[in-house]
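Colleague: Could you take me through this model slowly, setting each value against the rule that gives it its name?

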Amino acid sequence: MANTYALNILKIRCKTDVENLDNVAHRVYYEYTVTDENGESASVANTVNLLDPDPNNFTPFENITEAQIVEWMALDMDALQADVDARLARKLTPPLVDKRAPWLPPVEEPTGDLV
């Protein structure tokens with residue numbers, strides 16, 4: 001099974017007035033997540049600023065769809081996918097790990113019921 005990817009719009013910051021237009025979508029906060037076949041996942045959260053709208057082709061905030069926001073964001077999905085894939089790979093095979101010095105005695109694990 002291949003990795004699955006999800007774009008989640010977290011919130012939209014609006015300008016209160018742009019050329020007499022109210023609640024103009026200005027900045028989109030989002031998270032992009034990859035999940036592998038074992039349920040392991042990694043994500044990146046970011047923002048993107050939107051261009052000011054054409055007053056002659058303005059969509060009121062309450063009528064904006066998720067598809068419109070995603071289109072307006074103009075994200076480089078290939079770059080986003082490569083980023084989260086690399087994050088997942090580092091999570092699954094970390095480049096650095098902490099090890100106890102070999103000359104130290106082993107740490108004893110507690111046994112029995114802890115009260």
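Predicted model: local features only at pLDDT ≥ 70, side-chain atom pairs only at ≥ 80, totals over all residues.

Modeller: Residues are numbered from 1 along each chain as its sequence is written, and side-chain values use heavy atoms, with hydrogens and water left out.

Colleague: What makes up the protein chain, in helices and strands?

Modeller: The protein chain has two helices and three strands, where helices (H or I, at least four residues) and strands (E, at least two) are DSSP runs numbered from the N terminus. Read along the sequence, they follow the pattern β-β-β-α-α.

Colleague: How do you know whether the protein chain is spread out or a compact globule?

Modeller: The radius of gyration, taken over C-alpha atoms, is set against the globule rule, which is 2.2 Å times the number of residues to the power 0.38. For 115 residues that rule gives 13 Å, whereas the protein chain has 23 Å, which is well over it, so the chain is more spread out than a compact globule. Along its principal axes, the C-alpha trace spans about 75 × 35 × 25 Å.

Colleague: What makes the rings of Tyr5 and Tyr32 a pair, and which kind of pair is it?

Modeller: Rings of Phe, Tyr and Trp (its six-membered ring) pair if their centres lie within 6.5 Å, and planes under 30 degrees apart count as stacked, over 60 as edge-to-face and the rest as tilted. The centres of Tyr5 and Tyr32 are 6.0 Å apart and their planes are at 15°, so the pair is stacked. A search of the whole structure finds one aromatic pair, and it links distant parts of the chain, with Tyr5 in strand E1 and Tyr32 in strand E2, 27 residues apart.

Colleague: How do you know where the charged end of Lys11 sits?

Modeller: A charge sits over a ring if NZ of Lys or CZ of Arg is within 6 Å of the ring centre and within 35 degrees of the ring normal. The charged end of Lys11 sits over the ring of Tyr29, 4.7 Å from its centre.

Colleague: What makes Asn20 stand out, and is Asn20 buried or exposed?

Modeller: Phi of Asn20 is near 65°, a positive value in a residue other than glycine. Asn20 lies in the loop between strand E1 (4-18) and strand E2 (21-35), and its 73% relative accessibility means that Asn20 counts as exposed. In space, Asn20 and Pro55 are 8.7 Å apart, C-alpha to C-alpha, and in sequence they are 35 residues apart.

Colleague: What is the phi of Ala74, and where is Ala74 found?

Modeller: Ala74 has a positive phi of about 50° although it is not a glycine, and it is found in the loop between helix H1 (66-73) and helix H2 (77-92). At 64% relative accessibility, Ala74 counts as exposed.

Terms used
Buried < 20%, exposed > 50% of the residue type's maximum accessible area, 1.4 Å probe, protein only.
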